[in-house]
Amino acid sequence: MAKRAVKAPADLNYEQAFQELEAVVRQLEEGEGSLEEALALFERGQLLAARCSELLQVAELKLQELTAEGDGTPRAFDREEEG
C-alpha cells in the first residue's frame with residue numbers, strides 16, 4: 001500500500017487538521033505498533049491540535065471584529081432586530 005503525502009499542519013484547513021487529529025487519536029487508542037510509531041503519532045497529534053487551536057483563535061478574532069461596535073465594544077444583539 002502506497003503512503004499518501006503528508007501535508008504540514010500549516011498547510012491544512014481546520015476541517016482537514018481536525019479529521020487527521022481524530023484519526024491519530026484512534027490509532028493511538030488502538031495501541032498497535034511500536035513505541036517509535038506511537039511517539040511519531042503523538043507528535044503529529046500535538047502539531048495538529050496546535051493548528052486547530054490557531055485556526056479557532058483566528059476565527060474567534062474575526063467574529064469579534066465583525067460583531068464589535070465602532071468603539072470596539074461587543075455589539076448587543078436584540079432578538080427583535082432579527083425578525
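Predicted model: local features only at pLDDT ≥ 70, side-chain atom pairs only at ≥ 80, totals over all residues.

Student: Which residues make up the largest nonpolar core?

Tutor: In soluble globular proteins, nonpolar side chains tend to be buried together. Here the largest nonpolar core has 7 residues in all: Leu 12, Ala 17, Leu 21, Val 24, Leu 41, Leu 48 and Cys 52. Helix H1 (14-30) and helix H2 (35-66) are the elements that give two or more residues to this core.

Student: At what angle do H1 and H2 pack?

Tutor: For a helix pair, look at angle, axis distance and handedness. The angle between H1 and H2 is about 150°, and their axes are 9 Å apart. Because angles over 145 degrees count as roughly antiparallel, H1 is roughly antiparallel to H2. Their crossing is left-handed.

Student: Which residues in H1 meet H2?

Tutor: On the H1 side they are Tyr 14, Ala 17, Phe 18, Glu 20, Leu 21, Val 24, Gln 27 and Leu 28. Their partners in H2 include Leu 41, Phe 42, Gly 45, Leu 48, Arg 51 and Cys 52.

Student: Is Arg 51 buried or exposed?

Tutor: Check the relative accessible area against the cut-off. Arg 51, which lies in helix H2, has a value of 14%; buried means under 20%, so Arg 51 is buried. Beyond its sequence neighbours up to four places away, Arg 51 touches Pro 9, Ala 10, Leu 12 and Ala 17.

Student: What does Leu 12 touch?

Tutor: With residues up to four places away in sequence again left out, the contacts of Leu 12 include Lys 7, Ala 17, Arg 44, Leu 48 and Arg 51.

Terms used
Residues numbered from 1 in each chain as written. Heavy atoms only, no water. Core = buried A, V, L, I, M, F, W, Y, C linked by side-chain atoms within 4.5 Å. Buried < 20%, exposed > 50% of the residue type's maximum accessible area, 1.4 Å probe, protein only. Helix = DSSP H or I, 4+ residues; strand = E, 2+ residues; numbered from the N terminus. Contact = heavy atoms within 4.5 Å. Axes fitted to C-alpha atoms, helices over the stretch in contact; angles between N-to-C directions. Parallel < 35°, antiparallel > 145°, perpendicular 65-115°, else oblique. Left-handed = near helix turned anticlockwise from the far one by under 90°.
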